[in-house]
Every structure is written in structure tokens, then in C-alpha cells.
Protein chains: 2
Amino acid sequence: MKLRHWLPWLDWGRQYNRTTAAQDGLAAVIVTLMLIPQSLAYAMLAGLPPVTGLYASILPLLAYALFGSSRALAVGPVAVVSLMTAAALGPLFPAGSAEYIGAAMLLALLSGVILSLMAVLRLGFLANFLSHPVISGFISASGILIAVGQLKHIFGVSGSGGNLLQISSSLWQSLPQIHLQTLLIGLLSLAWLWWARSRLKPLLQHLGLGAGMAGNLTKAGPVLAIITAILVVTVLQLDDSGVKVVGVIPQGLPGMMTPTLDLQLAIVLLPAALLISLVGFVESVSVGQTLAAKRRQRIEPDSELLGLGAANLSAAFSGGYPVTGGFARSVVNYDAGAQTPMAGVFTAAGIGLSVMLLTPLLHNLPQAVLAATIIIAVLSLVDLESLKRTWRYSRPDGAAQAATLLGVLLIGVEAGILLGVGLSLMLFLWRTSQPHMAVVGQVPGSEHFRNIERFAVVESPDVLSLRVDESLYFPNSRYLEERIAELIAARPQVRHLVLMCPGVNLIDASALDSLENIVERLRTAGVQLHLSEVKGPVMDQLKRSSFLQDFGGQVFISQFQALQTLSPQIALDTLKQGAHIAHLPTQLERQAP
Amino acid sequence: MKLRHWLPWLDWGRQYNRTTAAQDGLAAVIVTLMLIPQSLAYAMLAGLPPVTGLYASILPLLAYALFGSSRALAVGPVAVVSLMTAAALGPLFPAGSAEYIGAAMLLALLSGVILSLMAVLRLGFLANFLSHPVISGFISASGILIAVGQLKHIFGVSGSGGNLLQISSSLWQSLPQIHLQTLLIGLLSLAWLWWARSRLKPLLQHLGLGAGMAGNLTKAGPVLAIITAILVVTVLQLDDSGVKVVGVIPQGLPGMMTPTLDLQLAIVLLPAALLISLVGFVESVSVGQTLAAKRRQRIEPDSELLGLGAANLSAAFSGGYPVTGGFARSVVNYDAGAQTPMAGVFTAAGIGLSVMLLTPLLHNLPQAVLAATIIIAVLSLVDLESLKRTWRYSRPDGAAQAATLLGVLLIGVEAGILLGVGLSLMLFLWRTSQPHMAVVGQVPGSEHFRNIERFAVVESPDVLSLRVDESLYFPNSRYLEERIAELIAARPQVRHLVLMCPGVNLIDASALDSLENIVERLRTAGVQLHLSEVKGPVMDQLKRSSFLQDFGGQVFISQFQALQTLSPQIALDTLKQGAHIAHLPTQLERQAP
């Protein structure tokens, strides 16, 4: 049972048969066609030789199939993670150099170790640090940054930079060196891909093809662009006239390679690896969950961590770079009928075959075409509407999203994401640091206690009843101290303070310290603290401290019991005042000002 | 009114009279006597010339009196902040050099700016990042680190280091160079101070002095040690035989000095300045609150920020270093009868007079005596019992405290505190990432809905009712998605999911995204989402998004109304089953397993 938890294929493998294999096989063919140009392009985006992208699409897919729980997730190089890889390694080594490639593998190794550790130590909750607005701002900014960064390949110039300002100024400066033939190829590719994305499927359907077939052919649009471009370059010998092509791609499967095993470098890369792991995991899980839900299946976050961890580890030792589950590719995989991760195994076989057979044919593939496929792919990531929606819905969340977006664009990938995470944590702390607390009084004719500001209730002059509508923990423990100091300073006649705790699910050590401080301070001011309506688990935990012995007050079952004990005359008088228990609160409710 | 908020002396200044002045004056005399050795010692601890401590005890006290709201807080150099100053500057410049002094003033400047900005932008809640276990672990570790670090002065050797390992090994290596006369002076001072602290007051009372007078004389114990030591050194000319003395202290008030205004250095020091500001603020506010509560007064956190900010800014321009409110000193101030911050003004005058008149007399003061006063003072900060208590009370809080303590001791001051803050945030996220959710069913004979695992309730087969007992926000939004996916995957017959939200006080943008994902996924699985018992403010916020139009379900006033609409037969049948509404839940409650 334990083993089954970690090896999901023990489940689906038992019912695997020829029908499923056929469905998985068909999906694999389509995904392979989509993955070849993508993996070449994303490797280029990551600053790596194109073959790295192919290598990262073989073993990692097998590794994910062993441990991952999603039936339809297609793992491999993706745009955002490629950008993060480039951002992490760009400042350290020249792109494409042996050190750079070794460091990319090290990054995959670190990422694999982090993800596997998160799986084993059940640390998946760490991904919660990346709130949706942060992720969304980051993805949009990445899309813009990637698209603008690829323009240099379209223009046939060189340029670099870690943020929008650097990239733009580098582009601007090299604009005079624009290479016209490259530009033409790039623009034509962009136009074709753009058109194919939106118009090809309806056209094919109009020509009589079935919706599924038309959709699958549309997905192969980039492949057609690539074949055409290779033919054109070869026939016109454009590579001799300066059109940059992919060049020699080593033929054959990757051998066992080891990443740069340099502790110093590993420490430098650790923050980037952590961010890559978290972002990759969040993206992957969200796709996996969406696809699983469609068939009422489930994915296991722990298995996903392990699957992605294994995928990255195998990328690290087979000449790849960090990988994760890709959104578009997984949807294509699902739509094409993939039933199990075996589709990934078949895809890996497809890519393996391509590496062995097709790479010589890719020599004359112009970089501008790859850049065009990247640009068209990432523009769908940019969603500035979402920023507007978030801002309208919630100012703090909108601010976090805007900060992440601008941070990534103007400072850099890592700085931007850290800015967003920091800001959303700060805003979260700010939001939870002032929980709702209400001074309550007794509803006449009942044993109920309600907010004195909203109901016509009776207060005892020497007993202050305060209801706390939130757990007491470190973000709000200081506020509790301040609020009580304020209330007591304003009511010199009070002798007892009853803290009514029906909404308190937790009292952490900070809040316990605060309560002890409060007891101490109240005592010197001649006031005794009591508690009422404390939940069972909270009482259990309080019993593990000496608070209940030392605080000198009582713990009452109900607020009414507290009043009955501390101020019996008023409690009973108020109770006798009427008997309309059920409806009184609404009748008594004061009009909102 | 606005001005009165920022200048608390407009309040207390109006009733200021001769009686209050006399009380403040007496307190000031006692605090001055205590402050002279402390400020010399803490400056030494911070790696600064002794006079810096005196300078930091003049203008900052006046500045705090202008803006601070605590009536009894005594501001000036304190042990923990001095240690943090040394930790921040030690790796950058040789202790005591002109660069070091300028950087210390810059640190005070940064700290002053940060605190003032926090006051104006109302960012006091940022101090909540420092949970009580982190603060407590940090203070204990600081005490140990400071005490061990001062041993070199007792032994008369040199040594340095940023953590316990470095300090110990440096001490160990220089042990052969031990200076016996210095050691003798140090040990005698330690013994006297230790004895005076615990035994002097009872003895004096036994000799017939009043408790107050005896207490005040005891506080002057360090002064007696200092006078004796100076006399001994002077008479025996011990400074010629190698006992290190304070040496020449410039006479006269500090002139206007500017800190090193170096942007590069400021950026390097910023994290340290931020931590110093937060730690100083937390310590200061906690003392201030305790003392204010004793007289049913209040302190204003914003005024405290501004007061401490002004104090640090004035320290920056008068040759001082970062200051804050000191615990022991403030208690002495309060006990000696200080009524208003005017006591601080008088204390500043006292220190000013000392700088003008007494500094030549301090030339022969042995550093070993100052080290002894520090050691005795900081040992009271070490509270390892607290670690045990916290661990017993709550494992996560105990872990955060232990990590801070060990981090500070073994790695260093800043790394330790960041480790603790990071760990407590992680544990907090972990704790809140899995909120309590219960599948609920209808209590027979009532319109009540309770947890199906705890009550014998009736469930409709095609309506799943899920109660969420927590606000929905980014730490738990992913959990919500997972939990619902799990529940729906396990119940193929379900057609409606009703999310019962009486405990939801907030739905942030992350949770809104998650809800939209959930709606989408449920829809593909043939399930419709509904909401019930949504609070007013949450509804208002939801209306600012398109969720309510798009989600396709209904928002019900009550869970019963939801069932009545979605599964009318079952709801009514269950309602008719009995009429013991009030008592049924308890009767029905299942025995805990």
C-alpha cells in the first residue's frame, strides 16, 4: 500500500491493454510533433544548444511516468522555466558554453533534489507562498520578457539582458545591423503561425476534415513552418548569406553525463533552483488537477512532486535542463486521447527516434523560425486583463500582482518574484493582524451575548466581555494586547475581563505569551482575566502550559455562566426582562449608521 | 488633534508642575547613575569608543521625549542592539576605526529613517513577523553570545568572532596570553556585581534602610565597582602593567557630526538596519506597554515608532549609534517614580554634565569591569527554561525558537533571526494551509446541519454539503481545490456541491481563482457549485468580480434553504422526523472513537 502510494503505475498498469496503448500511442505521435520544435526553441530560449531541449524530452518523460500521478500531464522543457534558467545562468557564464551547460544540468539536479525532498518531507504546502496574483503577474511578465527577448532572432541581431530595459536598449542599439533575409523569414513565420493558430482549424473543417483531425493538423502548424523554412534555406543557401541556423546537432541518444558538481556554484544557484521548483510544481499541479477533474480522477500532490523531482534528476544526468509539466502540451495530450502516463513513454520514444534520425535534417532550420514559435506560444501567457480584474476585486492582491509584474519586467525574474512573494506575505500579515473583536453584552430575556455596537444589549459595569472572532497567533497577538490595553484604559470601573473564545481555533506560543502579559498588566491595574467558551483542543493545549494554574481567573463553559458568576444580579435581571429569545436579536438590531 | 496624535507632550505638558518635576528629577538621578557605566560598556560591546555610548544617551533621549508616548521608557544604548551593531559592522571595518564609527552612525540613520517611515506609513504590523518564540530565542542566544564575547576582556586577551564557535576557538587560542591582574579585577567585579544584584538589597534593608532607598542604592552597585576599580588602578598604576583601561575620553558635548553618507554602504547595511529597527521596536513596545498598563495608561505604537525613529536620527547626527528603549533601565525609571518623558530630558542633562565633567576621571577604568557589568546584565536575558516551556506547549513554536537560538549561536545574529522568522512563517503557512472542513448533513427534525463524522445526520445522495471553518485565502486555496477534487472523485453520484461559508470572513484573489477553477472542473465532471450562508462583506467583495454571474450556481441564505431547493424531498422528510431541535445534536453526538 505504501509502495502503491509512491508508484501510481502499479494502479493503472494492471488494467493496461491494447486499446489504451493505441490511444496513448496516437496522443504520443501528436505530442511528439509538437514537442520537437518546442524543445529546440525552449533550449534556445534558455541559452542552451538546441539538442539540450531534445535530451530534456526523453529520460525525464520516462521518470515522470514512473512516479507521477497525473494521467495526461506532458512533461518537458517549458517557456517559463527556460526563461528562469537563462536568468539564473546568464550572469554567470557565456550562453552555450560548456560551463553554462554543466550549470544548467546542476540546476536540474538541485531542482530534482528539492522537489524529491519536498515530496518525502511533505513540504508541498511551501508552494502556497506563491499566491495566485504573484503567479499570474509572474507568468504575464515572463511572456512579455520572452517575446521581447526573442525579437533579436527575428531581427537577426545579437543582444541580451535580464530585464525589459536592458533587452530593449540592447535591441535598439543593434537595430542598424538588422539582417533583412532573417527578418523576412521571421515575419513570415510569425504570420503563418499566427494565422494557423486562429484560422487553420476552421478552414480544414470547412474543407471537410473532422474536428479532431483538423485540430491535430493545426497543432502540427509549427512543424510545417519548420519544414518549409528548412527547404527554403537549403535551396536558396541562405545560411551562407548570414541567416543564422540551428547548425550541427549531435546525432544519437544522450549518454550518461554528470552536471558540474561544484558546491560553491550549487549554493549560488540554490535560490534560483528553489524558485524554479516551486513555479514548475505550481504550474504542473494546476494543469494536472484541471485535466484529472475532467474524468473525475485525482492527482496526488506528493506523487507530482516525486514525479517532477525524478524527471529533473534524470534531466540532470542526461544532458538536459530543468523541466516541468507544460500547459499547452498537456492539453493536447489529453485532447488527443492519452489515457495513462504511458503516452509520455511513447512520446519519449518518439523524441529518441528523432534524435537518432532527424537531427541532420534540422541543420538548416533558421533560428528566426524557432523564435517565432516561441513568441506565438508565450503571447498567450500574457493576460493583463487579469491584473485589472484582480485590482478591482481586491486592492492588496492587485498590488501584489502589479509589483510582481513590474518587478519581473523592470528588475529581473528572481527579484520580481521575490518582491511579489514578500509583498503578498506582508499584505497577508497586515490583513490578519487586526482580527475582528467585539465587546458583547447580554440580549435581554436570553442567555445570548451580542456585539454592543449592533444590538441593544445589557452590559455589566464591572465585567467587560470581549469576543474574539479569530484564532490567536503571532500575526495578531500584539494587536490583542493593544486592544485590551485600550479598552481597559477607557473603562476605569472594570474589574473583570472575560475573553469569549468561540472563534478561537488555536492559541500559539506568541498568543500565550501575550495572554500572560495581559494577565500581568491587568492584575497591576486591578482587573482579573477570565475565559469563556474555549474549544476542546484549545483547552487541551492550554493544559500543557502553566497558564491555567497561574492566570488566576476561571474558564467558563458559556458567557452567560461567566456573567452569572461575576455579576449575578445583572445577569438574572437581564434574563427576566423578556422571553422572546429566538427573535429578539433581529428586533433589537440597531440600524446601521 | 492630528498634531496632538504625533506630539504626546502636548498632553502631559499641560499638567506639568513642580511635584511631577521633582519625581522625574529623582528618577533621572538614579537612571543617570545606572546609565553611565551601561553606556560605556555597551559602546565597548558594539566595538565603538566608550564615549559613543554617552553621546547616544543625550540627544536621543530628548528626541524620544518629544515624540514618544510611553511615560516611563528609558531610551539609550542596549545590549542586544549593541550586539547587532557589532555583528553588522564587524565584518566590514576594524572595530573602533573612523570608518566603523561613521558606519555605526549610518546604521542609526537608516534605523531612524526606517522607524519613522514605519510610523508615517503605519507599518508597525511588520513587527509581527517576529513571533514571540523567535524573539525569545534570539534574546537568549544574544545573552549567551554577549557574555562569552566579553570573556576576552575578563581574561585580558584579544579575540573576535560572529558566532559561538568562532568566539570560543579565538578565546581558546589566546588563553596562554591570559593577563592575571586583569583576570583578578574581572573576577572580583563579577563576584561583587553578582552578590550586589542578589544580596545587597536585603542586606541594606536589614541595616534599616527603606525598601525604595535600598533598591536604588543597589542599582548603583556597578557605580561603586567602577569607582573602586578606578582608584585601585590609579593607586597601583596597573595600566602600566598591562591592564587595559578605557583611556582618554574626549571631554565636552558632542558636536554636530554626519554619518558616512555612502549609498553602497547603506545598501549593505539595510538588512541589518531593518532587523535592528524591528527588534528594537518590539523590545521597546513590550516594555512600554507593561509599564503603561500598571497605571492604566496606553502607549501608541505609531508614536513609539516615531519616538524611536527620532531618537535614532538624532543619534546618527551626534556621534552615537542605534538606540532603543532598555528593559532594566525603564523599570528602574518607573520604580524611581518617573511620571513623564521629562525624566528622560533630565537624564540627558545628567549624561551631558557627565560628559563635560567626569570623563577625565574615567581614564583609568579597566575594561574588565565594564565587561563584568555587561556579563551580569545579559545573563538575566538567557532563559532556556522558556525554550522547554514553548516546546512542551507547541512543537512548531518550539522548533522556531530552537532554530533561532541555535542559528544565532552557531551561525550569527542576522542569519539566526532570519532563520527563525523564515521557519515560523513556514510553520504558520503549514498550520493554516489545511483548515478545518467538514462534510455536513441535516440533523433530523431540524434545519440544522452538522459534521457527518460527529453526528447521526442525514445526507442527500446527490447534494454534497461542505462547511469551511476558515477564511479562504492563498495559504489554503490549493488545499480547497485538492479536498474538493478528492470528495467529488469519491462520490460519483453527486450532482451539486454546496459550500457552506459561515466561517469565511474573506475570500482573497487566490481563493477566487481557486473557486473559478473548482467551478470549471466540477462542471466538466457534471457537478454544480453553490454557496450558502455567505457573510455580507464577502458577498460585497464577490460582487466586484464576475464570479457570481459566471459560476452558474445559487447563493442560498441558509444551508437548509439550499437543501430545500436542490433536494426538496429529503430536506422535508428529514425535517419531519422529529421536533427535539434544541437537544437533538447532543443526543445524536457519536462517541469519539
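## Exercises on a predicted two-chain model

In this predicted model, 69 residues of chain A are in contact with 69 residues of chain B (contact: heavy atoms within 4.5 Å). Local features need pLDDT of at least 70 and side-chain atom pairs pLDDT 80 or more, while totals for chains, interfaces and linings use all residues. Residues are numbered from 1 along each chain as its sequence is written, chains are lettered from A in the order in which they are written, and side-chain values use heavy atoms, without hydrogens and water.

### Exercise 1: the interface

Describe the area buried between chain A and chain B, and the polar contacts and elements that go with it.

*Step 1.* Start with the area. The size of an interface is often given as the accessible area lost when the parts come together. Here that buried area (1.4 Å probe, summed over both parts) is about 6,200 Å², with 59% from carbon and sulfur atoms. A:Arg296, A:Tyr393 and A:Arg478 supply 16% of what chain A buries against chain B, more than any other three residues.

*Step 2.* Now look for specific pairs. The count of salt bridges between the chains is 0 (a side-chain nitrogen of Lys or Arg within 4 Å of a carboxyl oxygen of Asp or Glu). By contrast, 26 residue pairs, both at pLDDT 80 or more, are in polar contact. Such a contact is a pair of N or O atoms within 3.5 Å; within protein, one must be able to donate a hydrogen and the other to accept it, and residues adjacent in sequence count only if both atoms are side-chain atoms.

*Step 3.* Assign the elements (DSSP runs numbered from the N terminus: helices H or I of at least four residues, strands E of at least two). Those giving two or more residues to chain A's side include α8 (132-155), α13 (263-294) and α21 (474-490). The largest share, 10 residues, comes from α21(A).

### Exercise 2: a covered strand

Which residues lie on each side of β5(B), and are they buried or exposed?

*Step 1.* Recall the geometry: in a regular strand the side chains alternate between the two faces of the sheet.

*Step 2.* Apply it. B:Val463, B:Ser465 and B:Arg467 are on one side, B:Leu464, B:Leu466 and B:Val468 on the other, and all are buried (under 20% relative accessible area, 1.4 Å probe, protein chains only; exposed is over 50%, partly exposed in between).

*Step 3.* Find the neighbours. Strand β3 (residues 437-442) of chain B runs antiparallel to β5(B), joined by 3 bridges, and B:Met437 has B:Val468 as its bridge partner. On β6 (residues 496-500) of chain B the pairing is parallel, with 5 bridges, and B:Val463 stands opposite B:His496.

### Exercise 3: the sheet and a loop serine in chain A

Which strands of chain A stand at the edges of the sheet, and what does A:Ser460 touch?

*Step 1.* Write down the order: β4-β3-β5-β6-β7-β8, an open sheet of 6 strands with mixed pairing (strands pair if DSSP finds at least two bridges between them).

*Step 2.* Read off the ends. β4 and β8 (555-556) each have a single partner strand, so one side of each is left without a neighbour in the sheet.

*Step 3.* Move to the loop between β4 (449-451) and β5 (463-468), where A:Ser460 is found. A:Ser460 is buried, at 6% relative accessible area. Not counting residues up to four places away in sequence, A:Ser460 touches A:Leu563, A:Ser567 and A:Ile570.

*Step 4.* Check its side-chain polar contacts: one reaches the side chain of A:Asp462 at 3.0 Å, and another joins the side chains of A:Ser460 and A:Ser567, at 3.0 Å.

Technical notes. Buried area is the accessible area (1.4 Å probe) that two parts lose on being put together, summed over both.
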